[in-house]
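Hello,

Here is the structure I promised to pass on to you. My notes on what turned up in it follow below.

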Amino acid sequence: MKTSCLLVGFDGLRPDLVGPELTPNLCRLKAEGLTFANHVSVYPSETRVVFASLVTGATADRHGIIGNRYVDRSIQPPRYVDTADAALLEQIDLTSGGRLMTATSLGEALKTAGRSLAVLASNSRGATRCLNHKARSLGQICLSGHFDDMATPKDVVADILKSVGPLPPAVEPGTPDLEAQTLLTTAFLDHVWPRHRPDVTLLWYSEPDLSSHFSGIGAPETRRAVAHTDAEFGRILDWWLVEGRGSGVQLFAASDHGHITAHKRVSVADAMRSAGFKTSSAPGSDIDAVIVPGHVGAIYLTSPTEGNLAKAAAALMDTEWCGPIFTRGRNDVDGVVPGTLAQGLVMAEHGRSPDLYFCFRSDDRVDHYGLTGGTYFDNDRRSGLGLHGGLHPKELASLAVAAGSHFKGGAKSDLPSGVPDIAPTMLHLLGTPSPTTITGRVLTEALETTHDSQIAQTKVEQFQAESAGFVQTLERTRYGGATYLRGAWRGADSSASQD
Ligand SMILES: [Zn+2]
């Protein structure tokens, strides 16, 4: 029987929100398949970075989407790249000779093997494009839940939309995005599967991420979004139990990152200005530090001399709100600036990386809805709302469940696993060669053919850096040749392991 893979994504769903009342259908899937109980995201834990990791099976240092936004210093003058802009992504891919991502994607690997990929996603244009940035040139199916202009191939999608369309407009912030999830589910069940039978389908729901950002992680609106996407997933599961499973479909449910709750607003620009830097959120003349907006601290210096780097890092270390800081590696562990850790430790050192990556200081406080994980923040929204991008264990913790003829049923694995493991596992199941740029591993422990005696030990690693009273700690796990981030925090306590 021919094997194919269907991955249903729940953007930003914290695994601790999965339970019988809120997500009965995900619980049904867990009973059928194997749950990866220690599944983690990558750094930065931002959607477009993680999507690139999902489809390349690699961390950011390999694929090069090193932030939702970054400064491209490979051209003069440097330009600001917002990866939400799908047209810009396609233009960069074209003008760079196909090097928007510097690792091979699922779309490319499957095309080379004569196999097909379909993407159905209700995210932003840019995020949808990150799931298959070459969909247009490779002639693979891409259906956005909101944007007609994302459709590829045009005739295929026009045919689908004749019966399930028109596409609902993107929702206003604070309104759960429900209609698009229903439309994409119907499009898969009624058209994409029966007519095209893709070898791999990525069906990605934009919720509960949107509602978590604009209403709060445990807010009624967000719970409504979770319940709705779970109900839509229930339609997929019903189909799978009757038809899909018997047709060789391996069903995955996953999320890309978690969320923690913003509690106190701060200003990165103020701290940098008081250290003497002229700052902006984009490159320009008379600017000597670009502070990339968002929850991933990223600073690009116009003149990144050792002295300027040390001055910028000291300005951050002096604040109450700065968490772990990463600079280019002086060696495998230490950053070039004393007290910082090497970007390579979090698998984020790439030619496009900022001079300083930092996390806003996070903690284990419990929010208004009883959910653990708090953080300082710097944006124009209010406290109490969800954020992600950093290295708090609740930002990194992600959902992953797999079911089908190849997987152990009703089981749970406590071994570490991560987003980059999904693509190599799918390619393994399809019998398709994996690209050499992959950093993830095949999740063999989940496979029916693997005995418990074949499962090896995990190795936990801890790294610390200190300078002038500023201490930071990073914890990782290694298993099967892959490296996983467990968490990083300011201070020396092992807070990541107190879960
Ligand atoms: Zn996301």
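Let me start with α1, which lies across β1, β2 (34-40), β8 (249-254) and β19 (400-403) and runs at about 55° to β19. Contact here means heavy atoms within 4.5 Å. Axes are lines fitted to C-alpha atoms, for helices over the stretch in contact, and angles run from 0 to 180 degrees between N-to-C directions. Helices (H or I, at least four residues) and strands (E, at least two) are DSSP runs, numbered from the N terminus.

Please bear in mind that this is a predicted model: local features need pLDDT of at least 70 and side-chain atom pairs count only at pLDDT 80 or more, while totals for chains, interfaces and linings use all residues. Residues are numbered from 1 along each chain as its sequence is written, and side-chain values use heavy atoms, with hydrogens and water left out.

The axes of helix α1 (residues 24-32) and helix α11 (residues 220-244) come within 8 Å and cross at roughly 35°. Among the residues making this contact are Leu-26 and Leu-29 of α1, and Phe-233, Leu-237 and Trp-240 of α11. By class, the contact has 8 nonpolar, 2 polar and 4 charged residues.

Now the sheet: it is open, with 8 strands in the order β6-β5-β7-β1-β8-β19-β2-β20 and mixed pairing. Strands count as paired if DSSP finds at least two bridges between them. β6 (141-144) and β20 (411-418) are at the edges with a single partner strand each, so one side of each has no neighbour in the sheet. From one strand to the next, the twist averages 15°. Strands β1 (residues 4-11) and β7 (residues 200-208) run parallel and are joined by 7 bridges; Leu-7 stands opposite Leu-202 in β7.

Finally, the structure has 3 cavities of 30 Å³ or more (a cavity being a set of points on a 1 Å grid over the protein atoms alone where a 1.4 Å probe fits but cannot get out, with lining residues having an atom within 4 Å of a point). The largest cavity has a volume of about 70 Å³, where volume is the space filled by probe spheres set on the points, joined across faces, edges and corners. Its lining has 14 residues, with Glu-46, Gly-67, Arg-69, Val-292 and Val-296 nearest the centre. Domain 1 (4-259 + 392-446) and domain 2 (262-366 + 373-379) both contribute to that lining, so the largest cavity lies between them; the domain bounds come from an automatic or database domain assignment.

Best wishes

Terms used:
On a 1 Å grid over the protein atoms alone, a cavity is a set of points where a 1.4 Å probe fits but cannot get out, and a pocket is an open set with protein on both sides within 12 Å along at least five of seven lines; lining residues have an atom within 4 Å of a point. Ala, Val, Leu, Ile, Met, Phe, Trp, Tyr, Cys and Pro count as nonpolar, Asp, Glu, Lys and Arg as charged, and the others, Gly among them, as polar.
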